[in-house]
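Me: Can you walk me through this structure? I'd like to go over pockets and salt bridges.

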Amino acid sequence: MEVDFQDDEDIARIVRGVKVIAVVGLSPNEARPSWGVARYLQANGYRIVPVNPGQAGHTILGEKVYARLADIPATEGVEMVDIFRRSEAVGPIVDEALAHLPHLKSIWMQLGIRNDAAARKAEQRGIIVIQDRCPKIEFPRHL
């Protein structure tokens, strides 16, 4: 993968400046990548807020699961949204994050996930956007 120095600077800012991360599409299945990434983030001092409509009201990794980003109380202080959904689903997720998460600093799209239109919309609002990357891979260089 080609190194994008702007992305690297943005990732460093995220690592240092974010503490609460909503994980959209977090699975309760320990074999799924979303679970492994969320567990990694927790182990490194980040608080995760699971978002999965099929698991709403339950807990994953000891945290209450919400059906949608809009259901997360502002008091939870979500600063980053990590998206484990198909690229086509990203637009409405970004719209919901922008509308309902007042502390939002970053949108992160996992490996294989890109939505340039949604990214532009978030960036126009001052949100750092990372696409087609994984925090479990990228964060260690900056911790």
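Predicted model: local features only at pLDDT ≥ 70, side-chain atom pairs only at ≥ 80, totals over all residues.

Me: How much space lies in the largest pocket?

Reply: About 190 Å³.

Me: Which residues are closest to its centre?

Reply: Val24, Val51, Ala67, Arg85 and Ile93. They belong to a set of 13 residues that line the pocket.

Me: Which helix gives the most to the lining?

Reply: Helix α3, which covers residues 90–100. It supplies three residues to the lining of the largest pocket.

Me: And how does the lining split by class?

Reply: Eight residues are nonpolar, two are polar and three are charged.

Me: OK, new topic. How many salt bridges are there?

Reply: The count comes to twelve.

Me: Let's start with Glu63. Which side chain does it meet in a salt bridge?

Reply: Arg47, at 3.1 Å from N to O. The pair links distant parts of the chain, 16 residues apart. Glu63 is in strand β4 (residues 63–64), and Arg47 is in strand β2 (residues 47–51).

Me: Is Glu63 buried or exposed?

Reply: Glu63 is buried, because its relative accessible area is 17% and buried means under 20%. Arg47 has 29%, so it counts as partly exposed.

Me: What does Glu79 pair with?

Reply: Glu79 forms a salt bridge with Lys105. Their closest N and O atoms are 3.2 Å apart. This pair also links distant parts of the chain, 26 residues apart.

Me: Where do those two sit?

Reply: Both are in loops. Glu79 is in the loop between β4 and β5, and Lys105 is in the loop between α3 and β6.

Me: And how accessible are they?

Reply: Glu79 counts as buried, at 14% relative accessibility. Lys105 is partly exposed, with a relative accessible area of 37%.

Me: Back to helix α3. What does Asp95 form a salt bridge with?

Reply: Lys121, with the closest N and O atoms 2.8 Å apart. Asp95 lies in helix α3 and Lys121 in helix α4 (residues 116–124), so the bridge ties together parts 26 residues apart in sequence.

Conventions: Residues numbered from 1 in each chain as written. Heavy atoms only, no water. 1 Å grid on protein atoms, 1.4 Å probe; cavity = no way out; pocket = protein on both sides within 12 Å on 5 of 7 lines; lining within 4 Å. Points joined across faces, edges and corners; volume = space filled by probe spheres on them. Helix = DSSP H or I, 4+ residues; strand = E, 2+ residues; numbered from the N terminus. Nonpolar A, V, L, I, M, F, W, Y, C, P; charged D, E, K, R; others polar. Salt bridge = Lys/Arg side-chain N within 4 Å of Asp/Glu carboxyl O. Buried < 20%, exposed > 50% of the residue type's maximum accessible area, 1.4 Å probe, protein only.
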